[in-house]
Amino acid sequence: MLAWWREHKREFDWRSRPLTSYEVAVLEILLRRTTATAVANVYPSFIERFPGVTSIAGVPHSVLSTFLKGLGLENQRASDLKNMAQHVLSRKSKMFAAQTHELEKTPGLGPYAARAIQVYARGRAYCPIDSNVSRVFSRVFRDAIGSRPRISEFQDFADALVTRTRPRAFNWALMDLGATVCRYDRPRCEVCSLSPICDFFRRNNPKK
Ligand code: SF4
């Protein structure tokens with residue numbers, strides 16, 4: 001999968017440089033229920049205008065929501081951003097929590113964003129599971145985890161699969177493969193690097 005990804009990776013501003021926990025948290029809030037392409041048009045200028053938690057904690061909600069127009073759900077995103085920033089500033093350390101279970105409880109974040117911070121800001125071996133990643137796993141490991149597994153039931157399993165030395169690349173590769181190859185409607189199994197280990201592929205191609 002990593003070899004495939006080297007040739008087919010999607011390029012985004014946020015993949016081109018190391019990110020702080022704050023930058024990952026903002027990115028994940030912006031990416032909810034919209035496309036990466038739409039976020040790419042907003043994210044660099046958002047980070048330039050609001051470079052840290054202190055820069056958004058005191059800003060009026062309306063300023064944030066206006067800045068986010070075009071992504072949709074701008075009121076919800078503005079609330080999540082402000083609640084997150086105010087929570088971090090209320091902590092004694094004024095920093096994001098170190099442990100995943102504490103990060104998950106940060107207002108505006110949750111399990112996915114918490115794991116994304118661990119991976120992309122801190123280089124830790126976690127696997128945030130979104131709909132694309134869930135679809136890839138439920139096809140590749142169908143015999144083991146079923147076709148419609150609950151994320152809570154296989155999160156530990158997914159975390160254990162992450163390449164310890166390259167957690168960022170592993171997760172980007174998995175996301176890109178889910179978005180462009182293991183598509184919802186028409187999976188492109190004929191060009192998929194995971195086909196040799198994929199239960200879905202084997203079931204549909206019994207002689208291969
Ligand atoms: S072989 Fe097909 S079903 Fe399996 S992961 Fe690849 S694209 Fe998805």
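Predicted model: local features only at pLDDT ≥ 70, side-chain atom pairs only at ≥ 80, totals over all residues.
**View 1. Helix 9 packs against helix 13.** Helix 9 covers residues 111–120, and helix 13 covers residues 167–180. Their axes lie 8 Å apart and form an angle of about 130°. That angle makes helix 9 oblique to helix 13. From helix 9, the residues in the contact are Tyr112, Val119 and Tyr120. They meet Pro167, Arg168, Asn171, Trp172 and Met175 of helix 13. By class, this contact has six nonpolar residues, one polar and one charged.

**View 2. Helix 10 crosses helix 13.** Here the two axes come within 8 Å, and the crossing angle is roughly 85°. Angles of 65 to 115 degrees count as roughly perpendicular, and helix 10 and helix 13 are therefore roughly perpendicular to each other. Helix 10 brings Asn132, Val133, Arg135, Val136 and Phe137 to the contact. Helix 13 brings Leu174, Met175, Leu177, Gly178 and Ala179. Seven of the residues in this contact are nonpolar, two are polar and one is charged.

**View 3. The ligand sits in the largest cavity.**

Key
Residues numbered from 1 in each chain as written. Heavy atoms only, no water. Axes fitted to C-alpha atoms, helices over the stretch in contact; angles between N-to-C directions. Helix = DSSP H or I, 4+ residues; strand = E, 2+ residues; numbered from the N terminus. Parallel < 35°, antiparallel > 145°, perpendicular 65-115°, else oblique. Contact = heavy atoms within 4.5 Å. Nonpolar A, V, L, I, M, F, W, Y, C, P; charged D, E, K, R; others polar. 1 Å grid on protein atoms, 1.4 Å probe; cavity = no way out; pocket = protein on both sides within 12 Å on 5 of 7 lines; lining within 4 Å. Sits in = over half its atoms within 2 Å of the grid points.
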